[in-house]
Amino acid sequence: MNQEFKEIEYSEIPALAKRMLAGGYRMVQICGVTKEGENELVYSFDKDHEMVSYKVHVPFGTTIGSITPEYWAAFVYENEIHDLFGVEFTDSKLDYKGNFFRMSVKTPWKGAEKKDEGAA
Amino acid sequence: MGKRTIVPFGPQHPALPEPIHLDLELEDEKVVRAIPSIGYVHRGLEKLAETRDYEQMTYVMERVCGICSFGHSYGYTGAVEGLMDIEIPDRAKYLRVIFHELSRVHSHLLWLGLLADAMGFDSLFMHCWRIREKVLDVFEEITGARVIMSFCKVGGVRKDVTPEMLNKVAGVCNEIEEEVRKTGMVFMKDTSVKNRLVGKGVLSKQEIIDLSAVGPVARGSGFDNDVRTTEPTYKALGFEPILRDEGDCYARCMVRVDEIIQSMNLIRTAIKDIPTGDFCVPVKGPVPVGDFAYRVEQPRGEGFYYVQGNGTKNLSRARVRTPTNINIPALVKTLQGCDLQDVTMLVLTIDPCISCTER
């Protein structure tokens, strides 16, 4: 399995989605990771069982382009990333406006919590 | 234009064992739009990676879902092993395949039972679940647990399985196959079943690609995105994906019936060819800095596992993208234009697992 994570700028995301769609790629997932002062998003696509992944660094408070105009199914991930990681998306084709998850704890998360006693 | 009405479907509904909500916008009896809502029972299990070490997270991951429990531990350990550059013994790979395919069999039988139950075909429902019990009995005899088995661990599997027990598993596979061939004929031939499924919720191959759908939903429309196709152990067992072209509810149902028979063959071949030797390797130390993505073909479709290490025993991120997560858009698409009476069948044929979705 291809383990290369190509780094791109967040401004390149809509163009990336257009390129992948034109190339016949299926979207696999979008993942958010909270880092110091930023969120790291991992976009994965697949064609003929070969997966390619792209990493994007998004500073807190930054609004980025949605890929739902190209991959409508991405609304599942973008709304999740909005609710849990606080990333805002423009031009979303299905925006739940923060109501995708009904959480009893405060979100978005901003980094690791203090380790509890169960941790090694 | 007919009268427009919004009918709420779920989160509590007889067809749904778990909570998902759909706002069905109707024009007379036709659904013109469906808006899904999830997040009723989101548990934040991925978040626990920050406070549990990578070994403890195996136990957390297998609790993402009770039906595909083994598959989640398989996917997660595969990702951690990739990150830590651990090569597990061949015997462990075969044992994982045997357990994974047994899990697929019991998951598909559970689903077939639920489908029959939703149709009001209760005797068929009970037969499916009766057959399924045989798989759970095997799990219990080997691991002591029927659902969450803690069989997979980083580095291999937790215990070896004796040749006598493997022969017994092969025997149980013969029994299950004989029964599934009889029960499967009901799904294949019965008029009342076919009336509910044939020609309903059709998705073309291109729509599957556009909607990123996975699993039997994709394979029922002729799109092969079965992760097992490229998995070396499955290749050695002669795996070929099961595909159908109709793209309707019936095709998705028959893919699952055929996959049960296929899994029986894979298990018997794996038992015949299983190598001798170690069943795990020792694993020590923290996870290195870096990341690794791993995919496993769960009963409901491709599961995606991503881990990010930071040089400690905790992971910065443990991500699970479950198959239902990405089949919800396909469900929404199939609902557009369907009759209200078909909504239950359409929802069920994606085999929604909300427990997985609300990881």
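At what angle do helix α4 and helix α5 of chain B pack, and how far apart are their axes? The legends below start there. This is a predicted model, where local features need pLDDT of at least 70, side-chain atom pairs count only at pLDDT 80 or more, and totals for chains, interfaces and linings use all residues. Residues are numbered from 1 along each chain as its sequence is written, with chains lettered from A in the order in which they are written.

**View 1. Helices α4(B) and α5(B) pack together.** Residues 122-143 form α4(B) and residues 163-189 form α5(B); the pair packs at about 170°, axes 10 Å apart. (Helices are DSSP runs of H or I, at least four residues, and strands are runs of E, at least two, numbered from the N terminus; axes are lines fitted to C-alpha atoms over the stretch in contact, with angles from 0 to 180 degrees between N-to-C directions.) That makes the two roughly antiparallel, the word for angles over 145 degrees.

**View 2. Who meets whom between α4(B) and α5(B).** (Ala, Val, Leu, Ile, Met, Phe, Trp, Tyr, Cys and Pro count as nonpolar, Asp, Glu, Lys and Arg as charged, the others as polar.)

**View 3. Chain A touches chain B.** Here 31 residues of chain A contact 33 of chain B. On chain A's side, β2 (26-35), β3 (38-47) and β4 (50-59) each give two or more residues; β2(A) has the largest share, 6 residues. That side holds 19 nonpolar, 6 polar and 6 charged residues.

**View 4. Around Ala74(A).** Leaving out residues up to four places away in sequence, Ala74(A) touches Met27(A), Ile30(A), Ile67(A) and Thr68(A).

Terms used: Contact = placed C-beta atoms within 7 Å. Parallel < 35°, antiparallel > 145°, perpendicular 65-115°, else oblique.
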